[in-house]
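Biologist: I would like to learn how to read this model, feature by feature. Where should we start?

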Amino acid sequence: MRTIAVMNQKGGCGKTTTAINLAACLAKKNRRVLVADMDPQAHATLGLGIGIGDYAQSIYDLLAGEAEHTLSTGDVVVEVSPGLHLIPSDVMLSAAEPVLMGRNHREYRLSDVLRQVEEEYDFAVLDCPPNIGILTFNALFACTEVIIPIETGLFAIHGLSKLLETISLVDARRRTRLTVHALLTMFDRRTRIACESLNEIQKHLQGRVFATVVNFNVRLKEAAGHGKPVIEYAPDSAGARDYMSLAGEVLKTKVKKHSAARELDEGGDGVLFSCYAPGAEKVFVVADFNGWQPGRTPLMHEDGSGVWKRFVPLKKGRYEYKFLVDGKWVTDPANPKTAKNEFGENSLIEID
Ligand SMILES: Nc1ncnc2c1ncn2[C@@H]1O[C@H](COP(=O)(O)OP(=O)(O)O)[C@@H](O)[C@H]1O
Ligand SMILES: [Mg+2]
C-alpha cells in the first residue's frame, strides 16, 4: 500500500478537493483506495457524501478512543463506492489532540491503524487539517509520500519553508525517505501571476512539482457540495480531466513502500530529540533529566540536512526541556506541548 498525505497548514488551498478527487480517480483506474479523513472539519467525509448517521465510529475512535485495543480498522471503514472506502471524521476528532498528547508513541497511532489494512488497499489518501499538530505528525509518520497543494497566486509559497522544515524533521526520524511533491491548484492560465508562481514554486522545490496543474474549475466546488467526486458529478469537466491526469502521474511515480511505524524510536523507552537548525555550530538538549546542564547532552548533526538529533533513554515520567542552539534557547517547534513557568515556557514530554 502506498500512503499519500495531502498536507498544507494553509486552509483553502485545495487539500480536501485533491484528497477526494485523487482517491476517486485512482479508484476509477481500478486501484483499491482508502481515504482517511484526518480533519475535524470533516470536509472529505461530507464531500464523499457521508454524513452523521452513515457511520457508527470515526477516525477518532481508532486514534484515541477508549476501545483502541479492541476496535479494528475495518470496523470503521465505510464504502463510498466499489473500490473507494473512507474512514470518516467529525468534530470529535478535535478532542484527539489532548488525549493523544498524554500517550506514548502518540505520533504512530495512524501508522498502527493503517498497517492493519495494508494488504487490502493499493492506496491510502490522508486529508490533513490546516495546521501542524499531532494529527499532521501522525500522517507524516504513516505516509510514504506527501502532496502539498498550493493555491496559485500571490503569496503562494508563503509558509512553505516552515512546512518543508517540518517534513524534513520527521523524515530524519524515518528509515525510508519521504517523497514530496507540490501540486498547483486553482490555476488560471490567463493570468501572469499564475505563471510567475509556477516558476517560483519550481525554483523553491527544485523540480518536485507535478507536471499536472489543477485549473480553477467551478465544477470541483459544485461536486463537493453534492457529496460526489468530480469524475462522477461532471466527468467531462476540466476538473475531472486534471485529477485523472494527476492520478496517472501518481501511478507513474516510483515510491518505496514501507511501514513507517515505530522506526528509530523502537527498542526501549526514550525520546528521539530532533531540532532543525541548519548552519548551527552546536545544539544541546537541556532538561530536567540532565539537571539543566547546558553541555551535557549535545545533539548530533548528520548529513547536511540541518537536522540535529539524539536518542535519550528515559523512564516513564514527565520531562521539561529546551534546545540550546548556538547559545539561544528555543522550545521544540515539533512539540506543541509546553509548560509555562516564571521564565517563560519549556517543551513538555510525558512518557507513560
Ligand atoms: N481547482 C479548483 N477550482 C475551483 N474551486 C476549487 C478548486 N480547488 C478547490 N476549490 C474550492 O476551494 C475551496 C477550498 O478548497 P479545499 O479543497 O476545501 O481546501 P482545503 O482542504 O485546503 O481547506 C472549496 O470550496 C473548494 O471547493
Ligand atoms: Mg480541507
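Biologist: Which elements cover the buried residues of H8?

Modeller: This is a predicted model. The cover over the buried residues of H8 includes helix H7 (134-142), strand E6 (145-151), helix H9 (192-205), strand E8 (270-276) and strand E11 (307-313). The buried residues themselves are Leu 160, Leu 163, Leu 164, Leu 169 and Val 170.

Biologist: Why does the length of H8 agree with its residue count?

Modeller: Count 1.5 Å a residue, so the 12 residues of H8 should span 16 Å, and the end C-alpha atoms are 16 Å apart.

Biologist: How is the protein divided into domains?

Modeller: Domain 1 covers 2-252 and domain 2 covers 267-351. Their centres, taken over C-alpha atoms, are 30 Å apart. The contact takes 11 residues from domain 1 and 11 residues from domain 2. On the side of domain 1 that touches domain 2, helix H8 (residues 160-171) gives the largest share, 4 residues. By class, that side of domain 1 has 4 nonpolar, 5 polar and 2 charged residues.

Biologist: Now the core. Which residues of the largest nonpolar core touch the most other members?

Modeller: The general idea comes first. In soluble globular proteins, nonpolar side chains tend to be buried together. Here the largest nonpolar core has 95 residues, and Ala 23, Val 35, Val 125, Leu 126 and Ala 139 touch the most other members. H1 gives the largest share of this core, 8 residues. Both domain 1 (2-252) and domain 2 (267-351) give residues to this core, so it lies between them.

Biologist: What does Val 125 touch, not counting residues up to four places away in sequence?

Modeller: Val 125 touches Ile 4, Val 6, Ala 19, Leu 22, Ala 23, Val 33 and Val 35.

Biologist: Next, H12. Which of its residues are buried?

Modeller: Start with the helix rule. An α-helix has 3.6 residues a turn, so residues three or four places apart point the same way. In H12 the buried residues are Gly 239, Ala 240, Asp 242, Tyr 243, Met 244, Leu 246, Ala 247 and Val 250. They pack against H1, strand E7 (179-185), H10 and helix H11 (230-233).

Biologist: Last, ligand 1. How many residues surround it, and which are closest?

Modeller: Ligand 1 is surrounded by 18 residues, the closest being Gly 14, Lys 15, Thr 16, Thr 17 and Lys 221. Helix H1 (15-28) and helix H10 (218-225) are the elements that give two or more residues to this shell. The largest share, 4 residues, comes from H10. By class, the shell has 8 nonpolar, 8 polar and 2 charged residues.

Notes. Residues are numbered from 1 along each chain as its sequence is written. Chains are lettered from A and ligands numbered from 1 in the order in which they are written. This is a predicted model: local features need pLDDT of at least 70, side-chain atom pairs count only at pLDDT 80 or more; totals for chains, interfaces and linings use all residues. A residue is near a molecule or strand if its C-beta atom, placed from the backbone, lies within 6 Å of it. Ala, Val, Leu, Ile, Met, Phe, Trp, Tyr, Cys and Pro count as nonpolar, Asp, Glu, Lys and Arg as charged, and the others, Gly among them, as polar. Domain bounds come from an automatic or database domain assignment. Two residues are in contact if their C-beta atoms, placed from the backbone, lie within 7 Å. A residue is buried if 20 or more other C-beta atoms lie within 10 Å of its own, exposed if 12 or fewer, and partly exposed in between; C-beta atoms are placed from the backbone. The expected span of a helix is 1.5 Å times one less than its number of residues. A nonpolar core is a set of buried Ala, Val, Leu, Ile, Met, Phe, Trp, Tyr and Cys residues joined through C-beta atoms within 7 Å.
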